[in-house]
Amino acid sequence: MEIGKFLEIMDLAENLKNNTRHSWTSAGRRESVAEHSWRLVLMAYFVKDEFPEADMDKVLKMCLFHDMGEAFTGDIPAFLKTEGDEQTEEAQIQKWLSTLPAPYRTELEELFAEMSALATTEARIYKALDKMEALIQHNEADISTWLPLEYELQMTYGTKEVQFSAYMQALKKEVNRISQEKIDAKEKEG
């Protein structure tokens, strides 16, 4: 890749370090989009034995690039994101992809199309892990950072996305158990 284009992409990607998400870390600061994406890649790596039929290199790429649109738009929490927001992000991604040299443009256009369709095992793995990472991060954060609507959302978010896999369903069940313990402890405190 030409060095100028490479540096342009790195500059854009740096926005993911700067753009914060709705989630808080256990240290009491907002999580960046880049931190979320990094841990999502880590999660995908460590579930590869659960999905021997899947192309895990593709899943890792999906996890790495899935929030690239937020380099343009910033993060909008799932409970606030509208269809218009989704369309804006999609348009920004398509515009960016069109500036990439071959073979990167073609490879990433195909990857984003596959992620959007959610028709393959690989896309379903990435999407389920994306939801689970957000829930795990909420469990790690102090419950004082949760909005009132998140008490219920924490238990329901990602339910549909994990249905394709017994492993993902078991992960969701355990994450829910931890969430409920956290909620119960808060209620006991008064």
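Helices (H or I, at least four residues) and strands (E, at least two) are DSSP runs, numbered from the N terminus. Counted in this way, the protein has nine helices and two strands, and from the N terminus on its elements run α-β-β-α-α-α-α-α-α-α-α. This is a predicted model, in which local features need pLDDT of at least 70 and side-chain atom pairs count only at pLDDT 80 or more, while totals for chains, interfaces and linings use all residues. Residues are numbered from 1 along each chain as its sequence is written, and side-chain values use heavy atoms, with hydrogens and water left out.

**Overall dimensions and burial**

- The radius of gyration (taken over C-alpha atoms) is 17 Å, close to the 16 Å that the globule rule gives for 190 residues, so the protein is as compact as a globular protein of that length; the globule rule is 2.2 Å times the number of residues to the power 0.38.
- Along the principal axes, the C-alpha atoms of the protein fill a box of roughly 60 × 35 × 30 Å.
- Of the 190 residues in the protein, 39% are buried, where buried means under 20% relative accessible area, exposed over 50% and partly exposed in between (1.4 Å probe, protein chains only).
- Among the contacts (heavy atoms within 4.5 Å) with a separation of 6 or more, 65% are between residues 24 or more positions apart.

**Packing of α2 with α3**

- Two packed helices are described by the angle between their axes and the distance between the axes; the axes are lines fitted to C-alpha atoms, for helices over the stretch in contact, and angles run from 0 to 180 degrees between N-to-C directions.
- The axes of α2 (residues 33-46) and α3 (residues 56-65) come within 8 Å and cross at roughly 165°, and the two helices are therefore roughly antiparallel to each other; angles under 35 degrees count as roughly parallel, over 145 as roughly antiparallel, 65 to 115 as roughly perpendicular and the rest as oblique.
- S37, L40, V41, A44 and Y45 of α2 make this contact with M56, V59, L60, C63 and L64 of α3.
- By class, the contact of α2 with α3 has nine nonpolar residues, one polar and no charged, with Ala, Val, Leu, Ile, Met, Phe, Trp, Tyr, Cys and Pro counted as nonpolar, Asp, Glu, Lys and Arg as charged, and the others, Gly among them, as polar.

**Packing of α3 with α6**

- Helices α3 and α6 pack at an angle of about 85°, with their axes 10 Å apart, which makes α3 roughly perpendicular to α6.
- On the α3 side the contact is made by K58, K61, M62 and F65, and on the α6 side by E107, L108, L111, F112, E114 and M115; these residues divide into six nonpolar, no polar and four charged.

**Individual residues in helices and loops**

- R39, found in helix α2, is buried, with a relative accessible area of 17%.
- Leaving aside its neighbours within four places in sequence, R39 is in contact with E133, I136, Q137 and E140; the C-alpha atoms of R39 and E133, 94 residues apart along the chain, are separated by 7.5 Å.
- A78, in the loop between α4 (70-73) and α5 (83-97), counts as partly exposed at 46% relative accessibility.
- The peptide bond from A102 to P103 is cis, with omega near 0°, and P103 is found in the loop between α5 and α6 (104-117).
- L118, in the loop between α6 and α7 (121-140), has a phi near 50°, a positive value in a residue other than glycine, and L118 is partly exposed, with a relative accessible area of 31%.
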